[in-house]
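Have a look at the picture first.

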Amino acid sequence: MKSSPIVAVLAVVAALLLPSAPAAAHTSLRSSDPAENAQVAALPKVTLEFSESVRFPAVVLTGPDGERYENGKPRVDGRKVVQDVGPPSALPSGTYTIAYRVVSRDGHPVEGEIPFTYAPEPSGGLSPSEPGQPVVQAAAAPTPSATGNTVAPEESRQIPAWIWIVVFGIAGIGIGMAFSMRKKP
Ligand SMILES: [Cu+2]
């Protein structure tokens, strides 16, 4: 059994690494209101529901004109994130994109985009001059890059923290291996 120290070290390393794999499964978006690619007649707020509780939500609602229509900051209620939307009179009809970003319980940031169409009822006293055309035009328009610019900087701040944890973790394993090698001549 001359190889037993190495086997022992490998067993320790495996024990450290294997349990962390299932635990690393971070949260995911369960549902949203409006739902992806849905058409809604009213848009009072945006609700996102995740598979587990989340923290530090950021929600950007980009309208068909490229402007942002989220109103105030998002609220967290356990697994739900609620974001108020600007006043209905200010909302143009057309294709919107919800860009969201939250932090899982395991610390991983989770983000995504949800496109949907806002088509208010024409009889609701709103301007009848453009009933359907903006929807069609906006549907062909590409997703505004402004949403990516808004969300990306926060994630780039998040990544270094994880790099450091990984680096310290690897260093710790290395130190552990060195000690166990010495104790067993
Ligand atoms: Cu994760």
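Are Phe 50 and Tyr 100 buried or exposed? Both Phe 50 and Tyr 100 are buried, where buried means under 20% relative accessible area, exposed means over 50%, and partly exposed lies in between (1.4 Å probe, protein chains only).

Before going further, a word on what you're looking at. This is a predicted model, with local features needing pLDDT of at least 70 and side-chain atom pairs counting only at pLDDT 80 or more, while totals for chains, interfaces and linings use all residues. Residues are numbered from 1 along each chain as its sequence is written, and side-chain values use heavy atoms, leaving out hydrogens and water.

**The overall layout**

The protein has 4 helices and 8 strands; these are DSSP runs numbered from the N terminus, with helices (H or I) of at least four residues and strands (E) of at least two. Of the 185 residues, 29% count as buried. The protein exposes about 11500 Å², and carbon and sulfur atoms supply 62% of that (areas come from the Shrake-Rupley method with a 1.4 Å probe, and for residues only the protein chains shown count as cover). As for contacts (heavy atoms within 4.5 Å), take those with a separation of 6 or more: 64% of them come from residues 24 or more positions apart.

**Rings that pair up**

A pair of aromatic rings is described by the distance of the centres and the angle of the planes. Here, rings of Phe, Tyr and Trp (its six-membered ring) pair if their centres lie within 6.5 Å; planes under 30 degrees apart count as stacked, over 60 as edge-to-face and the rest as tilted. By this rule there are 4 aromatic pairs. Two of them are set out here:

| Pair | Centre distance | Plane angle | Kind |
|---|---|---|---|
| Phe 50 and Tyr 100 | 5.7 Å | 70° | edge-to-face |
| Tyr 96 and Phe 116 | 5.6 Å | 15° | stacked |

The Phe 50 and Tyr 100 pair links distant parts of the chain: Phe 50 belongs to strand S3 (residues 45-50) and Tyr 100 to strand S7 (residues 94-103), 50 residues apart. Tyr 96 and Phe 116 are both buried. Ring pairs also tie Tyr 69, Tyr 96, Phe 116 and Tyr 118 into a cluster.

**The core around Tyr 96**

Tyr 96 turns up again in the largest nonpolar core. That term covers a set of buried Ala, Val, Leu, Ile, Met, Phe, Trp, Tyr and Cys residues joined through side-chain atoms within 4.5 Å. Of its 20 residues, Leu 43, Leu 48, Leu 61, Tyr 96, Ile 98 and Phe 116 touch the most other members. S3, strand S4 (55-62), S7 and S8 each supply at least two residues of this core. Leaving aside residues up to four places away in sequence, Tyr 96 touches a list of residues including Leu 43, Leu 61, Tyr 69, Leu 91, Ile 114 and Tyr 118.

S4 is mostly covered, with 6 of its 8 residues buried. S4 and S7 pair in the antiparallel sense over 6 bridges; two strands pair if DSSP finds at least two bridges between them. Val 59 has Tyr 100 in S7 as its bridge partner. Phe 56, also in strand S4, is exposed at 56% relative accessibility. Phe 56 has a positive phi of about 50° although it is not a glycine.

**An open sheet**

Which strands form an open sheet, and in what order? There are 4 of them, in the order S1-S3-S6-S5, with antiparallel pairing. Strand S1 (29-33) and strand S5 (75-77) stand at the edges with a single partner strand each, so one side of each has no neighbour in the sheet. S5 and strand S6 (residues 80-84) pair over 3 bridges, and Arg 75 stands opposite Val 82 in S6.

Finally, look at the loop between S1 and strand S2 (39-40), where you'll find Pro 34. A cis peptide bond joins Asp 33 and Pro 34, with omega about 5°. Asn 37 is in the loop between S1 and S2 too. Asn 37 is exposed, with a relative accessible area of 60%, and has a positive phi of about 65° although it is not a glycine.
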